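Here is a briefing on one structure.

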Amino acid sequence: MKIFVIIGGISKESINKKFFELIKPLAPSEFEFDTFDISQLPFFSQDLEEKEPEGVREFKRGIEKVEGIIFITPEYNRAIPGVLKNAIDWGSRPECKSVWRDKAACVVGASVGTTGAISAQMQLKETVSFLEMRVMYRPEVCFNFLEKVDKNGEIEEKGRERVVEFLNRFKGWILKNK
């Protein structure tokens, strides 16, 4: 199963990038991950829509060939980062050729706060649902990075169990929504 992972945190030390590295080995063996550095996408503009930049075309090609999409988002001011919204907008255009339509999707997020990016996750689920993605709403993984990652850089046992459950449920969600 080809899975495209879109990480909304673009800083070098992004905990969401680290979170992805921690959950990869916990994923079902059938998952084959691909990702794209969304910081490379230009700001969306209708002026660029007719002659899309090569990076945008590469991003869309990556999405077109997968069966599922995992969004991993930080939370900035109770919302998704602008760079993530920009990537979503690029994938949705032109409207009649959205690469998002009918893709199975799930949303997770990591933060250093106690809420584990839940507000951003809720906003993101609403946004991608509007784009006709088949969003898995439960189980939720609201990951407090400081509490759930131990001093050795590993996810503690209960957090690991939750992530495994989440990823296995996503596998089932993909199969159900083919």
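A polar contact is a pair of N or O atoms within 3.5 Å; within protein, one atom must be able to donate a hydrogen and the other to accept it. Keep that cut-off in mind for glutamine 121, where a side-chain polar atom lies 3.0 Å from the backbone oxygen of valine 141. The model is predicted.

**Glutamine 121**

- Glutamine 121 sits in helix α5, which spans residues 118–130.
- Its relative accessibility is 0%, so glutamine 121 counts as buried. The cut-off for buried is under 20% relative accessible area.
- Leaving aside residues up to four places away in sequence, glutamine 121 touches Thr73, Val107, Val108, Gly109, Gly116, Val141 and Cys142.

**Strand β1 and its partners**

- Strand β1 covers residues 2–7, and five of its six residues are buried.
- β1 pairs with strand β2 (residues 32–35) in the parallel sense, over four bridges.
- The chain runs from β1 through helix α1 (residues 15–23) to β2, and this β-α-β crossover is right-handed.
- β1 also pairs with strand β3 (residues 68–73), again parallel, over five bridges.
- Phenylalanine 4 has aspartate 34 as its bridge partner in β2. In β3, phenylalanine 4 stands opposite isoleucine 69.

**Aromatic pairs**

- A pair of aromatic rings is described by the distance of the centres and the angle of the planes.
- Rings pair if their centres lie within 6.5 Å. The count by this rule is eight aromatic pairs.
- How are the rings of phenylalanine 20 and phenylalanine 33 arranged? Their centres are 5.4 Å apart and their planes stand at 90°, so the pair is edge-to-face.
- Phenylalanine 20 belongs to helix α1 and phenylalanine 33 to strand β2, so this pair ties together parts 13 residues apart in sequence.
- Phenylalanine 20 is buried, at 6% relative accessibility. Phenylalanine 33 is partly exposed, with a relative accessible area of 24%.
- Phenylalanine 44 and tryptophan 90 also form an edge-to-face pair, with 4.9 Å centre to centre and 80° between the planes.
- That pair links distant parts of the chain, 46 residues apart: phenylalanine 44 is in the loop between β2 and α2 (46–49), and tryptophan 90 is in helix α4 (residues 82–91).
- Is tryptophan 90 buried or exposed? At 0% relative accessibility, tryptophan 90 counts as buried. Phenylalanine 44, at 25%, counts as partly exposed.
- Ring pairs also join Phe4, Phe36, Phe59, Phe71 and Trp100 into a cluster. Phe4 is the residue with aspartate 34 as its bridge partner in β2.

**Leucine 22**

- Leucine 22 is placed in helix α1, the helix of the crossover from β1 to β2.
- Its relative accessibility is 17%, so leucine 22 counts as buried.
- Which residues does leucine 22 touch, not counting those up to four places away in sequence? They are Phe145, Val149, Gly153, Glu154 and Ile155.
- The C-alpha atoms of leucine 22 and arginine 160 are separated by 9.2 Å, although the two residues are 138 residues apart along the chain.

Conventions:
Residues numbered from 1 in each chain as written. Predicted model: local features only at pLDDT ≥ 70, side-chain atom pairs only at ≥ 80, totals over all residues. Heavy atoms only, no water. Buried < 20%, exposed > 50% of the residue type's maximum accessible area, 1.4 Å probe, protein only. Helix = DSSP H or I, 4+ residues; strand = E, 2+ residues; numbered from the N terminus. Pairing = 2+ DSSP bridges. Right-handed = clockwise from strand over helix to strand, strands pointing away. Contact = heavy atoms within 4.5 Å. Phe/Tyr/Trp six-rings, centres within 6.5 Å; stacked < 30°, edge-to-face > 60°.
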